[in-house]
Amino acid sequence: MTSHVPNEARVIPLRPRAERPEARPTASRPTVSSVPPERRPPTVREPLWRDLVGDVLRRERLEQERTLKEVAEAARISMPYLSEVERGRKEASSEVLAAAAGALGLGLGDLLARAQGELVRLTSRHTGAGAGRGTPGTRFDGMCLAA
């Protein structure tokens with residue numbers, strides 16, 4: 001006997017699916033409305049990596065007083081695509097980021113370090129000093145990229 005396994009890709013959603021009425025929490029789990037406001041987690045949206053990288057690229061380009069066209073030509077990428085990357089609309093590959101950074105006289109590590117610094121700056125505003133991962137009072141000073 002052979003079993004037939006369908007040739008389908010396993011999809012893991014990046015965002016939680018919207019709840020259907022029949023999938024609502026039961027009485028055993030507290031709902032958001034039953035948790036007092038002072039005990040609710042903050043609803044601050046974490047910045048997206050593509051927004052941070054785009055902001056760094058745009059800021060560096062403007063500081064150098066260069067046009068989008070000049071940088072796109074030097075990086076050998078299309079001007080509309082570079083614009084989308086700068087605005088955080090596209091998740092650029094490491095090759096595209098390296099090319100854009102190189103066109104601005106930066107290495108890929110420089111670009112990522114600046115974006116990581118921006119991430120730390122933005123998130124420390126919302127979490128306060130010493131908050132975040134690790135033990136209280138310690139500073140998380142690492143960077144992780146996943147594709």
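1. Start with the pair in helix H5. Glu-118 and Arg-121 sit 3 residues apart there, so about one helical turn separates them. An α-helix has 3.6 residues a turn, so residues three or four places apart point the same way. Glu-118 and Arg-121 form a salt bridge, with the closest N and O atoms 2.4 Å apart. Keep in mind that this is a predicted model. Glu-118 is buried, at a relative accessible area of 13%. Arg-121 counts as partly exposed, at 41% relative accessibility.

2. Thr-123 belongs to helix H5 too, which spans residues 108-127. Is Thr-123 buried or exposed? Its relative accessible area is 18%, and the cut-off for buried is under 20%, so Thr-123 counts as buried. A polar atom of the Thr-123 side chain lies 2.8 Å from the backbone oxygen of Leu-119. The side chain of Thr-123 also reaches the backbone oxygen of Val-120, at 3.4 Å. Leaving out residues up to four places away in sequence, Thr-123 touches Glu-46 and Pro-47.

3. Next, the link from H5 to H1. The side chains of Arg-114 and Glu-60 meet in a salt bridge, at 2.6 Å from N to O. Arg-114 lies in helix H5 and Glu-60 in helix H1, so the pair ties together parts 54 residues apart in sequence. Arg-114 is partly exposed, with a relative accessible area of 39%. Glu-60 is buried, with a value of 11%.

4. How many salt bridges are there by this rule? The count comes to 7. Side chains of opposite charge can pair when their charged atoms come close. One of the bridges joins Glu-86 and Arg-58, at 3.0 Å from N to O. That pair links distant parts of the chain: Glu-86 is in helix H3, Arg-58 is in helix H1, and they are 28 residues apart. Glu-86 is buried, at a relative accessible area of 2%. Arg-58 is partly exposed, at 29%.

5. The bridge in the previous point is part of a network. Which residues does the network of salt bridges link? They are Arg-58, Arg-61 and Glu-86. Arg-61 is in helix H1. Arg-61 is buried, with a relative accessible area of 8%.

6. Not counting residues up to four places away in sequence, Arg-61 touches Arg-66, Thr-67, Leu-68, Val-71, Glu-86 and Leu-104. Val-71 is 10 residues from Arg-61 in sequence, and their C-alpha atoms are 7.6 Å apart in space. Both Leu-68 and Val-71 fall in helix H2, among its buried residues.

7. Helix H2 itself covers residues 68-75, and its buried residues are Leu-68, Val-71, Ala-72 and Ala-75. These cover an arc of only 100° around the axis, so they lie on the same side of H2. What covers the buried residues of H2? The cover includes helix H1 (49-63), helix H3 (79-86) and helix H4 (94-103).

8. One backbone detail to check. Just after H2, Arg-76 takes a positive phi of about 60°.

9. To recap the links between helices: Glu-86 in H3 pairs with Arg-58 in H1, and Arg-114 in H5 pairs with Glu-60 in H1. Helices H1 and H3 are also among the elements that cover the buried residues of H2.

Notes. Residues are numbered from 1 along each chain as its sequence is written. This is a predicted model: local features need pLDDT of at least 70, side-chain atom pairs count only at pLDDT 80 or more; totals for chains, interfaces and linings use all residues. Side-chain values use heavy atoms; hydrogens and water are left out. Helices (H or I, at least four residues) and strands (E, at least two) are DSSP runs, numbered from the N terminus. Buried means under 20% relative accessible area, exposed over 50%, partly exposed in between (1.4 Å probe, protein chains only). A polar contact is a pair of N or O atoms within 3.5 Å; within protein, one must be able to donate a hydrogen and the other to accept it, and residues adjacent in sequence count only if both atoms are side-chain atoms. Contact means heavy atoms within 4.5 Å. The arc is that of the directions from the helix axis to the C-beta atoms. A salt bridge is a side-chain nitrogen of Lys or Arg within 4 Å of a carboxyl oxygen of Asp or Glu.
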